[in-house]
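Hi,

Here's the structure I promised to pass on. Have a look, and my notes on the charged side chains follow below.

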Amino acid sequence: MAQAPKKIIVENSDFADVNQLEVPDALLLIGNVRVNHDGVVMTCNKAYYFQKENYIKAFGNVQMVQGDTLFLNSKYAEYNGNVKKAYASGDAVMSSPDATLVTEIINFDRNVQEVFYDTPGTITNKDNTLKSNAGRYFVNQKKFQFLTAVTITNPTYVIKSNHLDYFSNSGHSYLFGPSTITSKANYIYTEKGFYDTKKNLAHFLNKSYIRYDDRVIKGDSLYYDRNQEFASATRNVKITDSINRGIVKGHYAEVYKKLDSMYVTKRALAVNFVENDSVYIHGKKLMVTGKEGNRIIRAFNNVRFFKTDMSGKCDSIHSSSKNALTKMIGSPILWNAENQITGDVMHLIGNNTTQKLDSLKVLENTFIVSKDTIGTGYNQVKGQNLYGKFQDGKLHDVDIVKNAEVIYYMRNEAQELIGINKNVSSKINLVLEKNEIETITFFQQVDGDIFPEKDLPENARKLRGLVWRGDERIKSKDDIFPPEENEDNDKIAKATQSSKAKGDIPMKIRKETLNYDKKKGKK
């Protein structure tokens, strides 16, 4: 059997009367009115108590109190004891230990312990001010919920959303649907996110990005610490550098804004725009440090790069924007036009004024090889060091210094073989046109000759140390990734698809939010 509703009990009133003319069937209570209903105490200046209906109307300095968790103040209120519902209007204020709501009309349903309002309201919670035209407060969870436009204003940032759950005890915010967080430091967009307004920590999913003055960070999952100005991104990460016209991609990245540094791994890729072309650099790890104009890109472990007219491989790369110097370190190999270039150390030097590639330095054990245009032989130049100049992205003028050796297939305009030039000298200068050697100049010639093909045996047509590595050549931007990283990328693509299917579900409320007061009690 359902229990009969409890009656509203009048605990105090300076004056009580029944006035059938003024209010038929009601008890008129005036002065220091205090009534009690099942744990809720209401005080006011004047009240009409309809005993049959178990209903009360209250006027002037109305306050309803539920334990020490909820205080409802207003100019006017109604309370129905049968259904345990309250209505408050006229400068209505709801206070809880953590937050205060000010609006025109407040409804309170004690059965489900929910407060709701449909008139413009302002909630104050420590440093945060929340404004919205409608909202709901779940008393037991200490949660405000907004399903229409809401703005949270904090001294540091402003949050705007159309779907927000805000926990007044912990200051935790859960955003769903298009939402923004704007501050002097940056601008954040998310469609599914968590923001801890006390600790300034956040986690964003679904089409989220962080925009700073000079770069934008995107990823399927973003972690952000405002105190440290640190962000990390996971899966389908893309960092766009608006000033240096560069993009860095990968599946994991860390960005330290205050240190001007960035670390990227898991199919890491740096794309820089040079001379109306894109340079693609891949390494297992990429690091970008330094401010605009003094930026350094480092790539480690199995580094590969590709540009339309050039590609290469080495163990690591160190590239400085300040002096436009890119060092290829550890077994470097470079392919430019049809030339394969190797040596112990390689430096590519740019020109910061023209933004073009200017020159090449190869130190120790220099070797340039290209296939003879028609036959099966190889044009080879070998020496200690190489100094080359670029013209329109291609090597044009090359000096080979110290112990220079050459094997070169000489052909006439009809592409007939005139002979094979085999020479040794202290220095050689090559001028290349249309990817072919136009002129060779020997300095302090020591020894050599032009041999007819029949007079130079096969084994004499290769310089010591020749290794043709044409099969390793990187011919497209997709070649720069090793197979295992492509496999991982395919797995991530599948995981991305499945998480997109879950995109329409709000973020699960964290345990730290639900257990916030328990944790606080332990301290």
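To start with, is Asp490 buried, partly exposed or exposed? Asp490 is partly exposed, as its relative accessible area is 48%. Keep in mind that this is a predicted model.

Asp490 sits in helix α1, which covers residues 483-501.

Lys238 belongs to strand β21 (residues 230-241) and is partly exposed, with 33% relative accessible area.

Now the salt bridges, which come to 22.

- Arg235 and Asp220 pair at 3.5 Å, N to O. Arg235 is in strand β21 and Asp220 in strand β20, so this bridge ties together parts 15 residues apart in sequence. Arg235 is partly exposed at 24%, and Asp220 is partly exposed at 23%.
- Lys313 and Glu472 pair at 2.9 Å, N to O. This links distant parts of the chain, 159 residues apart: Lys313 is in strand β26 (residues 310-320), while Glu472 is in the loop between β35 and α1. Lys313 counts as buried, with 16% relative accessibility, whereas Glu472 is partly exposed at 28%.
- Lys389 and Asp358 pair at 3.0 Å, N to O. Lys389 lies in strand β32 (residues 378-391) and Asp358 in strand β31 (residues 356-371), 31 residues apart. Both are partly exposed, Lys389 at 43% and Asp358 at 25%.
- Lys6, Asp38 and Lys84 form a network of salt bridges.

One more residue to look at: which side chain of opposite charge is nearest to Arg215? That's Asp241, 4.2 Å away. Arg215 is buried but has no salt bridge, because a bridge needs a side-chain nitrogen within 4 Å of a carboxyl oxygen. Arg215 lies in strand β20 (residues 215-225). Leaving aside residues up to four places away in sequence, Arg215 touches Ile210, Ile239, Thr240, Asp241, Ser242, Val255, Met262 and Arg295.

Cheers

How values were computed:
Residues numbered from 1 in each chain as written. Predicted model: local features only at pLDDT ≥ 70, side-chain atom pairs only at ≥ 80, totals over all residues. Heavy atoms only, no water. Helix = DSSP H or I, 4+ residues; strand = E, 2+ residues; numbered from the N terminus. Buried < 20%, exposed > 50% of the residue type's maximum accessible area, 1.4 Å probe, protein only. Lys, Arg positive; Asp, Glu negative; His and termini not counted. Contact = heavy atoms within 4.5 Å.
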